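Have the viewer open and follow along.

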Amino acid sequence: MKPYRIVGQPQAQLDARDKVTGRARYTDDLRVPNPLHAAILRSPHASARILGIDTRRALALPGVRAVLTGADFERTFGVLPISKDEPALARERVRYVGEPVAAVAAETAEIAAQALALVAVEYAPTPPVLDARHALKPTDDPLHPELKRADNLHKQVEQRFGDPEAAFAAAPIVIEKRFRYAAVTHAFTEPHAVQVEIDGRGNLTVYSATQVPHYVHLALAEVLGIDEHRVRVVKPHLGGGFGGKSDPFPHEMIAAKLALVSGRNVRLRFSREDVFFSHHGRHPTQLTMKLGFDPARGITALTGDILIDGGAYGSFGVVTTYYNGVLLQGPYPVPNFGFRCRRLYTNTPMCGAMRGHGGVNPRFAAEVLMDMALHQAGLDPCQGRIDLLHHANTLTVNEFRITSAGLKRGLEEAMHRSGWREKHGKLPFGKGIGVACGFFISGSALPIHWNERPGSTVRMTLEFDGAITVYSGASDIGQGSDTVLAMMAAEVLGVDLDQVKVVAADTRLTPVDLGSYSSRVTFMAGNAARNAAIRMRRLLVAGACRKLGLDEPVYPAPEPPADFFRQGQRAPDFEADDLGANPDYRDGFAFGGGRIRHLASGADVAWLDAVHAAIEGPGILQTVGNYRSPKLGGTFKGAGAGLSPAYSFTAFIVEVTVDPETGHVRVDKATCAHDCGFALNPLAVRGQIEGCFHMGMGQALMEEVLHEGGAVQNAGFLEYKIPSPFEQPEIDIVLCDSDENEGPFGAKEAGEGPLAPVIPAIANAIFDAVGVRLAEVPLRPDRVLAALRKQAGVA
């Protein structure tokens with residue numbers, strides 16, 4: 001056990017009591033003074049020209065204060081600068097059922113609803129494009145003519161490394177298979193909501209259920225055509241996001257514009273149906289993958305041809321197109337690798353980022369093929385994977401830098417705990433056990449908006465009364481990142497957790513952080529908070545030295561990194577704005593128990609006395625810490641996609657029962673080995689893994705968004721099936737401590753990576769149970785039965 005007081009110990013989240021007692025305030029719980037109620041008119045057509053909109057009757061309705069149409073917005077927007085293709089309100093044409101066409105603001109919600117019924121829109125329906133394959137066909141009327149293409153291709157990425165074809169020709173085992181995946185949505189508990197407060201000078205405060213306050217801030221200023229300093233974005237408590245709140249959204253632009261037009265505060269909350277219309281969930285995917293395998297050498301080649309349905313607009317789609325391929329570079333070495341991924345526009349609600357962004361569907365295919373190859377080679381599927389896992393301090397063929405890799409020990413322990421050797425291939429018919437592995441990023445090394453700013457910045461203050469406040473733009477979306485930031489300060493400064501307050505996700509008060517996505521917050525904002533605390537510690541050491549009559553310690557400049565794979569754990573660079581990643585801050589003093597002690601002499605001083613001595617000159621102690629990713633990657637086109645300062649590794653062993661009469665699959669138990677480096681808060685890590693399994697099991701067995709003519713058919717939780725607590729099995733978790741020297745106190749991600757191997761582990765367990773391989777997700781009972789009938793030769 002590492003000698004820490006706070007980190008590494010189970011800690012309840014800072015807001016846990018507020019959440020369970022109902023004191024936590026979410027966006028719709030806020031009460032801005034005297035608000036107007038906004039409502040959005042949505043398109044009934046998947047594809048149509050807008051011939052005209054008549055708002056006069058709506059404007060004449062008593063109590064209506066503003067009506068907007070697409071003519072009120074000149075600029076489109078999007079989270080990616082290279083894909084700003086979405087209007088706040090449709091102009092000239094609509095591209096999916098549910099697209100916002102007009103909006104009203106009225107004194108009551110009832111009047112707003114009446115006003116929407118009075119807005120007359122004349123449409124000329126056009127033939128919709130509802131399938132990614134059809135979107136590839138030539139057309140004279142593409143969904144986005146601004147791309148100047150004769151089809152509906154949004155983005156194509158093709159990469160090749162080594163010589164896959166030669167490797168396939170030489171491989172003793174080659175397996176190729178086609179896979180299909182349904183659209184999946186996030187199913188977060190809290191629906192989208194926004195409230196806008198406008199002051200007498202026209203300045204806006206926007207309270208929004210968002211994961212990315214900074215990007216919402218930028219988009220609002222651009223779309224509204226106002227200076228950025230006139231916009232403030234605040235994220236209250238968030239009731240789940242999972243990537244579904246990581247874009248700027250039309251409703252945020254609409255509410256803010258209504259406030260500007262009316263001069264009044266505005267509130268807007270989605271119904272669950274509205275949430276499904278907005279979607280931004282996982283892309284429906286059609287995928288052909290080919291694997292070459294040699295029992296003596298492991299994977300020799302891997303290729304994929306991937307078609308993803310992006311829906312009507314861009315969202316994170318360009319990134320998704322890359323991630324579908326590049327994240328196949330782990331958790332095993334692949335010496336010859338290639339993929340082509342194409343994202344298509346269709347007349348359905350857009351797809352975007354969802355937990356495990358871009359890596360979940362291809363991982364299912366890769367792990368099923370891996371299982372098939374190991375089975376054909378006569379090798380144990382679990383031990384075979386262990387023998388092939390990446391080693392620490394290596395480069396992948398596309399130049400991902402693997403720093404730490406501790407899954408091997410964890411999977412060996414998971415094999416033991418689950419009784420794998422006693423169960424695999426030996427259980428009665430209908431009972432099975434399967435395994436799969438995964439790999440994910442700990443934050444994207446490159447920013448969405450290209451600039452030289454740090455990836456994360458934290459400001460820290462210390463007042464005369466000993467109160468420590470951490471100011472961070474990072475968004476806690478339920479994963480407990482605010483608690484992590486407080487833990488960084490408490491550990492470094494030797495105080496209890498309740499002495500640290502966190503102010504987060506308020507663009508007026510906090511430094512820029514890029515938001516909560518790509519599992520970046522703990523690694524990047526955590527490093528930034530730790531570094532701010534290390535700077536604060538230096539000020540307190542100076543105060544303690546004054547009280548004790550000691551000379552301040554000498555802080556030597558850091559030595560160069562040990563090597564490319566070990567950039568962290570050097571001495572802090574106090575002469576630069578960047579202290580470095582996870583610096584070694586030993587300074588000859590011990591903080592704790594309300595005292596600061598000089599180790600060499602044994603002399604000590606009360607912690608608060610040192611604070612007072614340090615604060616005498618400036619009146620307040622304030623420091624800044626930041627995080628910058630090291631330079632990574634190659635020089636080829638697209639080399640930046642998937643780069644991360646560290647990668648997590650996960651394995652799941654899953655036991656199932658398959659009813660051969662009904663095709664129903666029940667998950668009985670799961671054993672997880674997860675390499676998150678050093679678990680800063682084991683309680684939170686276990687919660688994240690359990691949540692990943694629940695979400696992965698839902699995608700594996702039941703979840704799918706259904707469309708008919710482009711319209712969502714199951715836009716509610718009665719129709720969109722997700723697992724209940726009764727379906728959640730026992731989960732045994734093995735945390736693998738690996739030597740991640742760049743993460744804060746050695747930590748890596750735990751919030752997304754564990755999801756990806758869940759689905760193939762269940763599929764591989766089904767094969768062990770009843771001998772059929774399924775390649776279409778979800779693995780519904782009818783598909784299980786169809787496979788069993790085919791296996792039995794029954795028509």
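Which element gives the largest share of the lining of the largest cavity? That's H10, with three residues.

## Ground rules

This is a predicted model, where local features need pLDDT of at least 70, side-chain atom pairs count only at pLDDT 80 or more, and totals for chains, interfaces and linings use all residues. Residues are numbered from 1 along each chain as its sequence is written, and side-chain values use heavy atoms, with hydrogens and water left out.

Six cavities of 30 Å³ or more turn up in the structure, and the largest cavity holds about 80 Å³ of space. Its lining has 13 residues, and those closest to the centre are Arg282, Thr320, Asn324, Gly358 and Asn361. Helix H9 (317–326) and helix H10 (360–376) are the elements that give two or more residues to this lining. By residue class, the lining of the largest cavity divides into three nonpolar, nine polar and one charged. (Ala, Val, Leu, Ile, Met, Phe, Trp, Tyr, Cys and Pro count as nonpolar, Asp, Glu, Lys and Arg as charged, and the others, Gly among them, as polar.)

The second largest pocket holds about 760 Å³ of space. It is lined by 38 residues, and Ala445, Arg628, Ser629, Pro630 and Lys631 are the closest to its centre.

As for the terms: on a 1 Å grid over the protein atoms alone, a cavity is a set of points where a 1.4 Å probe fits but cannot get out, while a pocket is an open set with protein on both sides within 12 Å along at least five of seven lines; lining residues have an atom within 4 Å of a point. Grid points are joined across faces, edges and corners, and a volume is the space filled by probe spheres set on the points. Helices (H or I, at least four residues) and strands (E, at least two) are DSSP runs, numbered from the N terminus.

## Rings and charges

There are 19 aromatic pairs in the structure. (Rings of Phe, Tyr and Trp, the last by its six-membered ring, pair if their centres lie within 6.5 Å; planes under 30 degrees apart count as stacked, over 60 as edge-to-face and the rest as tilted.) Phenylalanine 161 and phenylalanine 636 have ring centres 5.1 Å apart and planes at 70°, so they're edge-to-face. Phenylalanine 161 sits in strand E7 (residues 153–161) and phenylalanine 636 in the loop between strand E25 (621–627) and strand E26 (647–658), so this pair ties together parts that are 475 residues apart in sequence. Phenylalanine 161 is buried at 10% relative accessible area, whereas phenylalanine 636 is partly exposed at 26%. (Buried means under 20% relative accessible area, exposed over 50%, partly exposed in between, with a 1.4 Å probe and protein chains only.) Ring pairs also link Phe161, Phe337, Phe339 and Phe636 into a cluster.

## An open sheet

E7 is also part of an open sheet of six strands, in the order E7-E15-E14-E13-E8-E31, with mixed pairing. The edge strands, E7 and strand E31 (776–777), each pair on one side only. (Two strands pair if DSSP finds at least two bridges between them.) Strand E14 (residues 298–311) and strand E15 (residues 337–345) run parallel and are joined by nine bridges. Isoleucine 306 has cysteine 341 in E15 as its bridge partner.

Which peptide bond has omega near 5°? The one from glycine 330 to proline 331, which is cis; proline 331 is in the loop between H9 and E15. Valine 777 and proline 778 are also joined by a cis peptide bond, with omega about 10°.

Asparagine 393 has a positive phi of about 60° although it is not a glycine, and is partly exposed at 34% relative accessible area. Phenylalanine 745 has a positive phi of about 60° too, but is buried at 3%.
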